[in-house]
Amino acid sequence: MDLRQCLFPAEADEAAAQDSLSQTAITQPALFVVEYAVARLWMHRGVQPALMLGHSVGEYVAACIAGVFALDDALALIAARGRLMQELPRGEMIAVAMPESELQPWLSQDCSLAAVNDEKLCVLSGTPAAIAAVEQALAAQGTVARRLHVSHAFHSSMVEPALPAFQALVERVRRNAPSIPFVSNVTGRPITDAEAMSAQYWVRHLRGTVRFAQGLSEVLDMPGRVALLEAGPGEVLVSLARRHARAASAACIVASQPRPQQWREGDAQCARALAQLWVAGVPVDWQACHAGTDRRRVPLPTYPFESRSYWIEPGNAPVAGAPPQGGPARRELADWFQAPAWRRAAPLPSRLAPQAAEIEAGYCLVLGDAGGFRAALVAALAASSLPIVVAESAQAFDAVDARHYRLRTDAREDLARLLGEAGAAHGPLRQVFHLWSLEEHDARGPLEPVLARGFHSMLALVQALYGAGVSGQGGRLRVTAVASQAEDVTGLESLNPAKSMLHGPCKVLPQEFPDIDCQLIDVVLPEGDGVALDRLAGQVLAESRAAEPPALVAYRGPHRWQLAFEPAAGDEGASVQRLRKQGVYLITGGLGGIGLALAERLAREWQARLVLVGRSALPARHLWGEVIADPSTAPALRERLQKLTQLSQAGAELLVLQADVADAARMREVVGEVVAKFGALHGVVHAAGLPGGGVMAQRERAAVKAVCAPKVQGTRALMAALEGQAPDFVLLCSSTAAALGAFGDADYCAANCYLDATARLALRESRFPVWSLNWDTWREVGMAAHRDHPEGVGIPPAMGVLAFERVLAGAVLPQLFVSPLSVEEKRARLVSLDFDVEPDARAPARPMGSAHERPALATPFAPPGSELEADIARMWAEALGFSSIGVDDSLFELGGDSLTAIQLLGRVRKQFGVVLHPAALFNEPTVAALAALVELHVIEQIEQGEGRAQGQAEGVA
């Protein structure tokens, strides 16, 4: 057969080719020929190996290049090797995140150590029954293990029946001493001439453990080595090399080809690798690289372009002792991108769990169903002597006794009743453990059961806490949510994006209630009872008692992990072009600010064929001119039609469709219409969304569902509609709120966390690349057009579209934080109910005459009716940038957000001495309502003052 038919099939033959490549008899020759061809290509370009290291079949490639085998003999051997393996009984293999020394108890005649790929990453191989038993035992102790997609148990006792026949084949071919050194998989050291020429060595190679990690150490210790180059498909060996403790000693570690999901980037990746090798000092034969191409010499600097500017802005010299002026340092576009990365963290000291005398009086509430983990946690909690109240899920409220309740997980009335009864019996609530999100759910299953036990149950808990007056009891309350399937730490655990929505209430709760701490702990539950379960319970308890608990932590087996945002190498992969001229691009939320900004860029620069999907109906296309000219047309509709007209004039072919993105059936119709009209769908931008706008304590379920629908149900509907399609990309528009939380936006935060988690899951499962971008606020777009932003804060649309193109030209990182400010700079600007922070005095004063006219609202303008209303209206106008504001105008319709609300309440506190909970403002966000609340509180303060004065007078009398 011709292997090229499997490697490069026609589109109609892809499934059959995939089936063929999954057969060992085809897989091994295919691996050999691709690796050999890539290696010879590099050598043709002048990149000569000083030392080679293969992985299993890869060692045959190294041996062939080194002259141990002639090419024809090597091909015959590897084909025979594949056929012999194919004839063996089926076996299984699992990757295990443990060092070799700890795996010895699991090894047996039926379970072998197949490979040591990393200091803490090995592969076990054996019979299906043996591997299943080991997998179950490892899971019980909390060790991460993942099944490999293989048909046979390579490098195990199961290959022994094939060894005599294979040895006879090796003995029949000529074997020579290697002319180029390579490292042995069998020993992990440079191969000797005797080993390379021995038939018995190649038999041991087929049966024995692949000691790749030891071989990698040998390569990295080689004097004078400057680069590691993976010659073959994918980036597996490069990823192992970059994790090595001595990886920093290499000037360059680079792959020839991208991951399978990014196969379209093959040519660009190869060119990028060539450039990186040259920059690292590897000699390159440029005549060979450019043979047969037209080229011309261009003088360039003798250093690589790294897209960084070192321009020094002119300015006045700082005055000694003066506070820093202006906003944050300006950052180049290349520095706008940060990606989340999990890092192993030091374990917490066991002394973190305080004794009874160190805990404030009160009780601990455990919300979770009966199970091994809840029992282990309750047992660990018992040592603190706090009364422990347990609640489990049920269809109706049932108070079994003063310490045991059954209730609906997402019913705030049930939780409120529990808090009332438990508080009367045991005193103030000091600690809550939310365990309802530990039950595993299929990511493709229904959403409601997951949300009822996760996101909605946490919202109900917060509302019950607020209603019971738990906040402000004089002590701190700590809420610890323990969940599974929410975080992608190792790449091996099960994921469910709906679980990640717990981040919304968990991140926002401490911002809305400064005396409540909240953390989320993501775990993989060990199976059964025993030491692993008790250890995990102890770890969770230690986290919940830490002096400064991290907002997010994960446990995988005995190991503790923490998340950090790190700069993403935005300039790597800049030559990969996923956008195409006259491409077909679908934008949900395409009639909104970001959607239209991206559409304009695609129209002007790429002459794109655009499909803009929005919920609102528009007039027929031929009537746009008349509607725009009609004086009675609403300003918002006129502006939208004007922009659509401009897109057409810029060269875009437009298809505007009305659809609710959360309607799965309608989204399938939309994708069908696009393909029917244009013949293809090259890219999707999911920008549909609704803003949040309400503290959790006052948020109604219907409003929460409305905010979540476009991003949660809408994303599910969109991804389902794309099944069977092969777009060049899907880009989900998330928000920085997903990474940091946002006061008053718990539902919005949760919905965007769902987008991020969907992209992480898609990296494993989807055939096309998916990004989720945590966008900072776009300036001058939609209702934010009139807002003033400090220098360096927010994204100008002109820069936003460049950031969009840059992301699509780079490597696929599922989640990217995109902002002129770093994550830490953004976090430093977060606010809570602590109103002691004064407004930023460094912010420049608004120039005279710079205020904007009040926008056209559905609410008629109503002037202030009192001096108090006039004062508050002036505050709002200054904060929002309008010349005047009506007393019935909604803060959020005027473009205000949660940060604006906090700032306004801070000004009210400063001017009137009145402290108001934001729930009141979010419930009625108007000047009139705020003035009434201020007046009520002022009267109460006066009456309280008079009462105290009268009491003092009576005491004197």
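Predicted model: local features only at pLDDT ≥ 70, side-chain atom pairs only at ≥ 80, totals over all residues.
Thr-715 touches His-686, Pro-710, Leu-732, Tyr-754, Leu-755 and Thr-758, leaving aside residues up to four places away in sequence; a contact here means heavy atoms within 4.5 Å. Residues are numbered from 1 along each chain as its sequence is written, and side-chain values use heavy atoms, with hydrogens and water left out.

**The whole chain**

- The protein chain has 34 helices and 25 strands. Both are DSSP runs numbered from the N terminus, with helices being H or I over at least four residues and strands being E over at least two.
- Of its 957 residues, 51% count as buried. Buried means under 20% relative accessible area, exposed means over 50%, and partly exposed is in between, using a 1.4 Å probe and protein chains only.
- Take the contacts in the protein chain with a separation of 6 or more: residues 24 or more positions apart account for 74% of them.

Thr-715 touches His-686, Pro-710, Leu-732, Tyr-754, Leu-755 and Thr-758, leaving aside residues up to four places away in sequence; a contact here means heavy atoms within 4.5 Å. Residues are numbered from 1 along each chain as its sequence is written, and side-chain values use heavy atoms, with hydrogens and water left out.

**The whole chain**

- The protein chain has 34 helices and 25 strands. Both are DSSP runs numbered from the N terminus, with helices being H or I over at least four residues and strands being E over at least two.
- Of the 957 residues of the protein chain, 51% count as buried. Buried means under 20% relative accessible area, exposed means over 50%, and partly exposed is in between, using a 1.4 Å probe and protein chains only.
- Take the contacts in the protein chain with a separation of 6 or more: residues 24 or more positions apart account for 74% of them.

- One of its contacts, His-686, belongs to strand β22 (residues 683–686). In β22, Gly-683 and Val-685 point one way, Val-684 and His-686 point the other way, and all are buried.
- Strand β19 (residues 584–588) runs parallel to β22, and 4 bridges join them. Two strands pair if DSSP finds at least two bridges between them. Ile-587 has Val-685 of β22 as its bridge partner.
- β22 also pairs with strand β23 (residues 729–735), in the parallel sense and over 4 bridges. Here Val-684 stands opposite Val-730 of β23.

**A hairpin**

- Strands β12 (residues 398–401) and β13 (residues 404–407) are antiparallel partners, with 3 bridges between them.
- Getting from β12 to β13 takes a hairpin of 2 residues. Asp-401 is bridged to His-404 in β13.

- Helix α20 (residues 531–544) has 14 residues and reaches 20 Å from its first C-alpha to its last, close to the 20 Å expected at 1.5 Å a residue. The expected span is 1.5 Å times one less than the number of residues.
- α20 is mostly covered, with 10 of its 14 residues buried. Among them are Ala-532, Leu-533, Leu-536 and Val-540.
- Ala-931 has its place in helix α34 (residues 927–956). With a relative accessible area of 4%, Ala-931 is buried.
- Setting aside residues up to four places away in sequence, Ala-931 touches Leu-868, Glu-869 and Ile-872. Ala-931 and Ile-872 are 59 residues apart in sequence, yet 7.0 Å apart in space, C-alpha to C-alpha.

**Rings**

- The count comes to 12 aromatic pairs. Rings of Phe, Tyr and Trp (its six-membered ring) pair if their centres lie within 6.5 Å; planes under 30 degrees apart count as stacked, over 60 as edge-to-face and the rest as tilted.
- Tyr-60 and Phe-69 are a stacked pair, because their planes are at 15°, with the ring centres 6.4 Å apart. Both residues are buried.
- Phe-397 and Tyr-405 have ring centres 5.9 Å apart and planes at 50°, so this pair is tilted. Phe-397 and Tyr-405 are buried too.
- Ring pairs also link Tyr-60, Phe-69, Tyr-201 and Trp-202 into a cluster.

**Charges over rings**

- Arg-45 lies over the face of Trp-42, at 5.6 Å from the ring centre. To qualify, NZ of Lys or CZ of Arg has to be within 6 Å of the ring centre and within 35 degrees of the ring normal.
- The charged end of Arg-344 sits over the ring of Trp-561, 5.9 Å from its centre.

**Cysteines**

- How many disulfides are there? The count comes to 0, where a disulfide is a pair of cysteine sulfur atoms within 2.5 Å.
- Cys-111 is buried, with a relative accessible area of 1%. Cys-364 is buried as well, with a relative accessible area of 1%.
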